[in-house]
Amino acid sequence: MGFDAETLSSATETLEAGALTSLVAATVAAPDDVITVRGLSKRYGAVEAVRGIDLDVHRGEIFGFLGPNGAGKSTTISVLCTLVGATGGSAVVGGYDVNSHPQQVRARIGLVFQEPSLDNQLTARENLYFHAMVYGVPRHERNRRIEAAFEMVELTDRADAQVITYSGGMKRRLEIARGVLHYPEVLFLDEPTIGLDPQTRAKVWEHLREVRQRTGTTIFMTTHYMEEAEWCDRIAIIDHGRIVSLGTPDQLKNQMGGDVVVVTTSDNARATRQIEEQFGVTALHDDGTLRIDVAAGAEFVPKLVKALDVEVRTVTVRRPSLDDVFLKLTGRAIRDDEVDQGAATRAMMARRWQGGRR
Amino acid sequence: MTTATAPRAVEQTVPATVARATHVRVPFLQAVYVIWLRDVTRFARDRARLIGSLAQPVLFLVVFGVGLSSALGGGRIFPPGLSYLQFMFPGVVSMTVLMASIFSAMSIVWDREFGFLREILVAPIDRSAVAVGKALGGATQAMIGGVIMLVFAPIIGVKLTVLGVLELIPLLFLFAFVLTSLGIAIASRMKSMQGFQVIMNFLMMPMLFLSGALFPLAGLPGWMTVLTRFNPVTYAVSPVRTVLFANGGISQAVLDRIGAEVTIGGYTLPLMLDVAIVAVIGVAVLGFAIRALQARD
């Protein structure tokens with residue numbers, strides 16, 4: 001956390017205001033956290049989009065933010081990016097409070113929005129030059145950083161083409177390159193891979209890891225895709241405006257306490273009743289199968305088969321997946337095919353509108 | 001609710017963080033410059049837009065001007081020795097600037113629709129730099145449009161001098177800057193292209209018709225005289241006409257007869273006062289534009 005002159009002067013102001021404790025909490029207590037959120041809430045009229053969340057994002061990690069639609073993901077990211085003001089609580093990003101010092105926060109973050117925000121009439125290089133200028137990248141560094149950015153996202157040979165000739169995936173990569181051009185402390189990405197085909201998504205991820213590797217930039221992203229969540233260092237699951245779980249993907253899966261047993265039977269309803277009676281656990285219906293969470297799957301299966309008087313057709317024992325965690329915590333499945341079609345279509349339309357070839 | 005007691009999952013291979021920029025302040029003029037540069041680059045690349053913005057004034061000049069000239073008996077209707085076509089020419093140059101200015105302000109709505117406005121608004125730059133950069137960009141484009149229209153001057157018999165053109169350029173630029181600022185002030189509150197166009201049509205046509213661009217300001221009915229004097233465009237058209245004609249060898253007597261200069265209650269406003277009025281309105285409108293851009297979403 002840079003303890004530069006401005007931090008000091010704002011520290012002095014705060015001290016004069018007598019708010020010593022909040023300052024200490026924000027700038028001293030967690031020197032390794034690049035984002036500190038305490039009791040953050042945001043209300044739109046009668047709707048409480050975010051209801052008091054606490055969050056620490058460590059420097060240099062890839063932090064995934066998951067949740068069903070309308071859970072408060074985008075609102076939270078908008079508050080952290082200073083695009084909307086918070087109703088309550090505090091959020092410190094890169095050492096500055098988002099409410100009191102939005103301009104300082106903006107200088108220290110990079111943003112990749114759900115919808116593209118490139119100028120199609122300009123060349124890719126001109127887009128990056130514009131960004132370097134408005135973010136105050138020092139003159140002697142500009143060209144070197146722009147070249148390095150192109151190289152990082154493998155667009156060097158297309159650098160001088162107008163963006164209008166870019167495909168959707170190329171635009172995304174260019175936006176990532178642009179987002180880190182000013183060496184932000186945090187790169188925020190709102191659904192960076194929505195509407196992209198699996199291959200392009202993989203490519204985008206490759207570049208995100210590259211960004212982290214090269215610049216140590218912290219990456220904060222929202223996603224709908226569970227396999228992407230697996231690739232994050234830590235994830236938070238948000239539902240109804242509250243964080244319901246936070247940790248590494250493994251920790252979240254371990255919270256499930258053991259294994260998942262998936263069975264199909266000749267009579268699932270009857271089997272459900274019997275499982276409930278005999279073992280005192282609830283079997284969840286999921287797409288024609290029964291899902292049971294147990295401590296030790298291998299030992300449970302023989303007992304289960306013996307206890308049921310319906311025909312057991314298939315039995316699978318596996319470690320819980322993030323899908324299972326998500327289903328258990330939110331009561332909803334988050335599958336790729338259940339991704340908010342509206343948002344995906346809008347994002348795609350926006351790219352099309354910009355003349356992007358896919 | 002589970003709490004964050006996770007050990008640090010960050011790979012230790014992450015390099016020592018690169019030198020982060022501790023700077024925050026982007027120089028005001030640098031931001032203005034790059035916003036201006038972007039608009040001008042786009043303009044230079046888009047020939048169709050330039051031609052499109054000139055089409056309507058040319059149509060006015062060639063069809064409306066020639067047609068009305070001959071309907072009025074052709075020749076010298078404004079005594080002595082000035083045709084209607086010649087009379088309206090400075091008005092058409094002003095009209096070019098007016099339309100191109102408003103059109104260029106539309107780029108704000110355009111940018112909002114296509115997302116680039118977010119890139120500008122989340123940057124750590126002052127919103128006033130955004131407004132000034134945009135206004136200068138639009139003004140540059142509109143001024144170029146106005147200067148291009150000057151090629152018609154020799155064709156219709158208005159003499160052009162180097163000095164005249166050099167005097168006109170700053171005038172047209174100021175005029176364009178004010179109108180672009182007005183456009184930006186309105187455009188930044190608009191969410192859709194249609195909305196902006198409706199509002200601008202409501203404003204643009206009356207501003208044009210009541211400015212003395214198409215007919216002399218002298219001898220109008222009382223109510224119209226009042227309206228023209230409240231129209232800021234009036235104070236922009238008048239200097240353009242005066243400078244163009246004075247350098248084109250048209251005598252002061254003719255200028256007086258056709259009411260080229262704005263008069264209020266018998267007092268003839270000197271050219272510099274017109275310019276001052278336009279400039280003051282410009283500052284006020286630019287203030288509105290900045291405030292409109294500062295409003296947080």
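1. The buried residues of helix α12 in chain B are covered by elements that include α5 (127-149), α7 (162-187) and α10 (232-247) of chain B. Buried means that 20 or more other C-beta atoms, placed from the backbone, lie within 10 Å of the residue's own; 12 or fewer is exposed, and in between is partly exposed. Helices (H or I, at least four residues) and strands (E, at least two) are DSSP runs, numbered from the N terminus. This is a predicted model, in which local features need pLDDT of at least 70 and side-chain atom pairs count only at pLDDT 80 or more, while totals for chains, interfaces and linings use all residues. Residues are numbered from 1 along each chain as its sequence is written, and chains are lettered from A and ligands numbered from 1 in the order in which they are written.

2. Stay with α12(B), residues 271-294. This helix has 24 residues. From first C-alpha to last, α12(B) reaches 35 Å, close to the 34 Å expected at 1.5 Å a residue. The expected span is 1.5 Å times one less than the number of residues. Its buried residues are Asp274(B), Val278(B), Gly282(B), Val285(B), Leu286(B), Ala289(B), Ile290(B) and Leu293(B). In an α-helix there are 3.6 residues a turn, so residues three or four places apart point the same way.

3. Now chain B as a whole. It has twelve helices and two strands. Along the sequence the pattern is α-α-α-α-α-α-α-α-α-α-α-β-β-α. Of the 297 residues of chain B, 41% count as buried. Among contacts in chain B with a separation of 6 or more, 82% come from residues 24 or more positions apart. A contact here needs C-beta atoms, placed from the backbone, within 7 Å.

4. One helix pair in chain B deserves a look. The axes of α3(B), residues 84-113, and α7(B) come within 8 Å and cross at roughly 35 degrees. Axes are lines fitted to C-alpha atoms, for helices over the stretch in contact, and angles run from 0 to 180 degrees between N-to-C directions. The α3(B)-α7(B) crossing is right-handed, that is, the near helix is turned clockwise from the far one by less than a right angle. On the α3(B) side, the residues that meet α7(B) include Ser94(B), Val97(B), Leu98(B) and Ser101(B). Their counterparts in α7(B) include Leu172(B), Phe175(B), Ala176(B) and Leu179(B).

5. Chain A is assigned domain 1 (21-251) and domain 2 (257-319). These bounds come from an automatic or database domain assignment. The two domain centres, taken over C-alpha atoms, are 42 Å apart.

6. Chain A holds an open sheet of six strands in the order β6-β7-β8-β3-β9-β10, with mixed pairing. From one strand to the next the twist averages 15 degrees. Strands count as paired if DSSP finds at least two bridges between them.

7. Strand β3(A), residues 62-66, belongs to that sheet. Five of its five residues are buried, so β3(A) is largely enclosed by the rest of the structure. Ile62(A), Gly64(A) and Leu66(A) point one way, and Phe63(A) and Phe65(A) the other. Five bridges pair β3(A) with β8(A), residues 218-223, in the parallel sense. Within β8(A), Ile219(A) is the bridge partner of Ile62(A), and Phe220(A) that of Phe63(A). β3(A) also pairs in the parallel sense with β9(A), residues 234-239, over four bridges. There, Ile235(A) partners Gly64(A).

8. Ile109(A) has Val186(A) of β7(A) as its bridge partner. Ile109(A) and Leu111(A) point one way from β6(A), Gly110(A) and Val112(A) the other, and all are buried.

9. Helix α8(A), residues 198-215, lies across β3, β7 and β8 of chain A and runs at about 155 degrees to β8(A).

10. A second open sheet in chain A has four strands in the order β2-β1-β4-β5, with antiparallel pairing. β2 (47-58) and β5 (96-97) of chain A stand at its edges with a single partner strand each, so one side of each is left without a neighbour in the sheet. Two bridges join β4(A), residues 88-93, to β5(A), running antiparallel. Val93(A) stands opposite Tyr96(A) in β5(A).

How values were computed. Two residues are in contact if their C-beta atoms, placed from the backbone, lie within 7 Å.
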